[in-house]
Amino acid sequence: MPVSSPIPPAVGQLADLALWEAELATGPAAVESKLVSRLRQVPDLRAKRGRRHALAVILTLTACATLVIGGDSIAAIWQWATRAPQAKLARIGARYDPLAGRYLVPSERTFRRVLAHLDADALDAVTCEYTTDLARGTVPAPEIPATPGPVEREQRRAAQRSAEHPVPDGLLPTAALDGKALAGARTESGRVFLVGAIDHTSGAVLGQRQVPDKRGEGEAARALLTRLDLPGRVFTLDALHTTKKTARLITGPLHSHYVLILKGNQPLAHAAAQALLTGADADFTETTAIDDDRGHGRTERRTLRTAPADDTLFPGASQVFRLRRDTGNLDDEWTSKEIVFGVTSLPPDLAGPAHLNHYERTHWTVENKIHWVRDVTFREDNSQVRTGTAPRALAGFRNLAISTIRLAGRANIAHARRDLLRHEDAFAVYGI
């Protein structure tokens with residue numbers, strides 16, 4: 001009776017083992033996860049002697065832990081990482097201890113030391129580039145498992161708001177520039193203040209830069225705009241950024257458009273816009289748009305009128321606008337009124353009054369989509385992290401988590417974080 005030889009199966013097993021080892025040598029996480037591939041580009045500022053854990057491993061564990069509810073401090077991030085499955089640690093290239101026969105997780109002290117001594121500009125660049133890839137669709141959209149049962153309330157409300165406020169046709173891609181202070185953080189250089197570029201539609205953070213204090217926000221915003229590769233986009237900015245230097249940058253080298261608010265820092269342009277837009281409503285019938293909103297215990301009416309303008313009023317100007325906000329109670333009794341003036345480089349054929357009304361309305365959703373979430377859901381203002389680049393790094397990972405969850409189609413960030421309590425689900429969001 002012929003006896004089958006064990007050699008072919010053994011050869012096959014050796015071939016599979018060699019293939020697996022070759023995959024590990026080339027960095028499987030870099031192949032499978034675009035985020036890990038990006039994080040490998042962050043330069044390691046540590047001395048080569050004494051390094052036990054790769055920088056990309058520490059950054060990847062921090063990114064995944066920040067996705068999960070409770071991962072709002074370095075201690076919580078480390079605790080979450082210690083329970084990571086061995087297979088996932090192997091995939092991201094964690095250090096293997098042959099004596100213990102397992103992959104190791106860096107200590108809490110290592111997390112603190114590494115996050116405090118990073119090239120923060122490089123970290124912001126790679127995380128925001130990953131977010132931009134997600135928004136463009138060049139990276140597969142993440143999937144977050146949903147809790148079984150009825151659709152979560154905020155998700156239903158988001159769908160309802162979309163139905164009640166249809167967007168005008170012909171809108172251009174838009175980003176808002178806004179700054180935020182980390183109230184609980186102080187470093188040797190003083191208060192930590194960040195300025196970011198946030199996509200209007202998705203709420204994803206497309207770029208971030210740190211400034212020494214709020215007085216330097218304008219220069220930091222221009223540096224951020226220059227670094228962003230977003231030609232043809234409309235940038236909305238508040239009155240703090242309404243400067244001729246910023247307007248020339250956006251309409252010149254960046255080949256983009258701006259929507260700016262005019263206030264006391266530009267008195268001549270403000271007075272000129274006010275003169276062009278003063279008159280009876282009947283005089284502006286063709287260039288007026290009205291948007292009504294009702295909910296959250298109040299009624300709001302936004303009335304925007306436009307008039308033509310040119311470079312003599314402001315660099316690159318094509319139109320000026322007046323936005324009137326009337327607010328009242330649910331009994332249709334108006335209780336307050338606010339009027340602001342603005343200027344835009346968008347010509348009337350690209351942006352009528354309805355478009356400008358929409359751009360201005362969505363500009364202020366940044367407060368709800370990013371700042372409020374970071375302060376309340378992630379408890380950012382309660383953070384006592386003060387050392388080196390750690391405050392900015394953690395803020396960057398919070399931006400990454402919020403952007404990723406938003407681009408996954410989830411409206412309630414806290415609800416989505418609770419859906420990621422399983423380690424496997426959190427790693428899977430970034431393709432690990």
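The largest nonpolar core of this predicted model holds 61 residues. A nonpolar core is a set of buried Ala, Val, Leu, Ile, Met, Phe, Trp, Tyr and Cys residues joined through side-chain atoms within 4.5 Å. Buried means under 20% relative accessible area, with exposed over 50% and partly exposed in between (1.4 Å probe, protein chains only). Leu 59, Leu 115, Leu 123 and Tyr 430 touch the most other members. Helix H4 (residues 55-67) supplies the largest share of this core, nine residues. A second, separate core has 35 residues, including Phe 193, Leu 206, Leu 224 and Ala 247. In soluble globular proteins, nonpolar side chains tend to be buried together.

Residues are numbered from 1 along each chain as its sequence is written. Local features need pLDDT of at least 70, side-chain atom pairs count only at pLDDT 80 or more, totals for chains, interfaces and linings use all residues, and side-chain values use heavy atoms, with hydrogens and water left out.

Leu 59 is in contact (heavy atoms within 4.5 Å) with Leu 39, Val 42, Leu 115, Leu 118, Leu 123 and Phe 397, leaving aside its neighbours within four places in sequence.

Helix H4 also meets helix H15 (residues 390-407). Their axes, lines fitted to C-alpha atoms over the stretch in contact, with angles from 0 to 180 degrees between N-to-C directions, come within 9 Å and cross at roughly 55°. H4 is therefore oblique to H15. Angles under 35 degrees count as roughly parallel, over 145 as roughly antiparallel, 65 to 115 as roughly perpendicular and the rest as oblique. On the H4 side, the contact is made by Leu 59, Thr 62, Ala 63, Thr 66 and Leu 67. H15 contributes Leu 394, Phe 397, Arg 398, Leu 400, Ala 401 and Ile 405. Eight of these residues are nonpolar, two polar and one charged. Ala, Val, Leu, Ile, Met, Phe, Trp, Tyr, Cys and Pro count as nonpolar, Asp, Glu, Lys and Arg as charged, and the others, Gly among them, as polar.

Helices H10 (residues 217-227) and H11 (residues 244-251) form another pair. Their axes come within 11 Å and cross at roughly 5°. H10 is therefore roughly parallel to H11. Glu 219, Arg 222, Leu 225 and Thr 226 in H10 meet Lys 245, Thr 246, Leu 249 and Ile 250 in H11. This contact has three nonpolar, two polar and three charged residues.

The protein chain has 17 helices and eleven strands. Helices (H or I, at least four residues) and strands (E, at least two) are DSSP runs, numbered from the N terminus. Of its 432 residues, 49% are buried.
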